[in-house]
Amino acid sequence: MDATMQAIILAGGFGTRLQPVVPHVPKPMAPVGDEPFLVSLLRYMHTQGVREVVFALHHQAWMIRDYFGERFAGMDIQYSIEGTPLGTGGAIKRALPMLRRHTPTFVANGDSLVMLNYREMLSRHNASGAPITLASVLMPVTHRYSRLTSEGGRITRYELLGDGNPGAISAGFYVVNPDIFVPHALPEVFSIERDFLAVHTPTLRPAMFEHVEYFIDIGIPVDYQRAQLEVHHRLRRAA
């Protein structure tokens, strides 16, 4: 397994929908069992071959930095700490130059666990020639997520919100080329979903990776409670 895989984890949001349940910690640090959710994400990344991680942080950044330090679960950890929130796109753009290798990079949301074969996704990304590959999941109802329309393995339409119908959604897990944003005039603060993918998908034609084994986003209380029952069981099966 490639021991030089690298990832950016977006963990700087305020997590307002989960605050009534977990009010005193950043959302990715919400306990699942007796450990923060981020511990599960990092351990899974390590099993898949990731050895370098940059956390993109803002809200209560010190809590994540103090918990994980400079090395955790066999991975080197760095921190991109934003004085003011840069949005998901701005956070990725700021973190990319911190990585040691100028190669495609995984990008994950710190409040989601997306279980898939990282090596296979990276290989397909490289073979596609696309600047970005999105992991997709089929959902019976798509209204909470960005909905994807594809043709021949390439995404032709990216809708910020789906509807009450079944379809493919973005799991918020990507492989991005290091120069992904270079050709585009983007502000310092921007959303990769709203300001980049929703606008530029017709010309970007992102690749779509459909082989997701498990997906959970703990952003709302009902799914956070589901994580208490499922996440550790899934990780044991994947070990």
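Trainee: How do the residues lining the largest cavity divide into nonpolar, polar and charged?

Mentor: A cavity is a set of points on a 1 Å grid over the protein atoms alone where a 1.4 Å probe fits but cannot get out, and lining residues have an atom within 4 Å of a point. Ala, Val, Leu, Ile, Met, Phe, Trp, Tyr, Cys and Pro count as nonpolar, Asp, Glu, Lys and Arg as charged, and the others, Gly among them, as polar. Leu41, Asn109, Ser112 and Phe173 are among the lining residues here. The division is 7 nonpolar, 3 polar and no charged.

Trainee: What kind of model is this?

Mentor: Residues are numbered from 1 along each chain as its sequence is written, and side-chain values use heavy atoms, without hydrogens and water. Local features need pLDDT of at least 70 and side-chain atom pairs count only at pLDDT 80 or more, while totals for chains, interfaces and linings use all residues, for the model is predicted.

Trainee: How much space lies in the largest cavity?

Mentor: The structure holds 1 cavity of 30 Å³ or more. A volume is the space filled by probe spheres set on grid points, which are joined across faces, edges and corners. For the largest cavity that gives about 40 Å³.

Trainee: Which element gives the largest share of the lining of the largest pocket?

Mentor: A pocket is an open set of points with protein on both sides within 12 Å along at least five of seven lines, and the largest one holds about 990 Å³. Of its 39 lining residues, Lys27, Thr88, Asn109, Asp111 and Glu193 are the closest to the centre. Helices (H or I, at least four residues) and strands (E, at least two) are DSSP runs numbered from the N terminus. With 4 residues, the largest share comes from β12.

Trainee: Which residues of α3 are buried?

Mentor: Buried means under 20% relative accessible area with a 1.4 Å probe and protein chains only; over 50% is exposed, and in between is partly exposed. The buried residues of α3 pack against β1, β4, β6, β7 and α5, where contact means heavy atoms within 4.5 Å. They are Gly89, Gly90, Ala91, Ile92 and Ala95.

Trainee: Is Asp217 buried or exposed?

Mentor: Asp217 is found in strand β14. Beyond four places in sequence, Asp217 touches Asp111, Ser112, Arg144, Tyr145 and Asp223. Because its relative accessibility is 11%, Asp217 counts as buried.

Trainee: How far apart are the C-alpha atoms of Leu122 and Met5?

Mentor: Leu122 belongs to helix α4 and, at a relative accessible area of 14%, is buried. Leaving aside neighbours within four places in sequence, Leu122 is in contact with Met5, Pro104, Phe106 and Val175. Leu122 and Met5 are 117 residues apart along the chain, yet their C-alpha atoms are separated by 9.3 Å.
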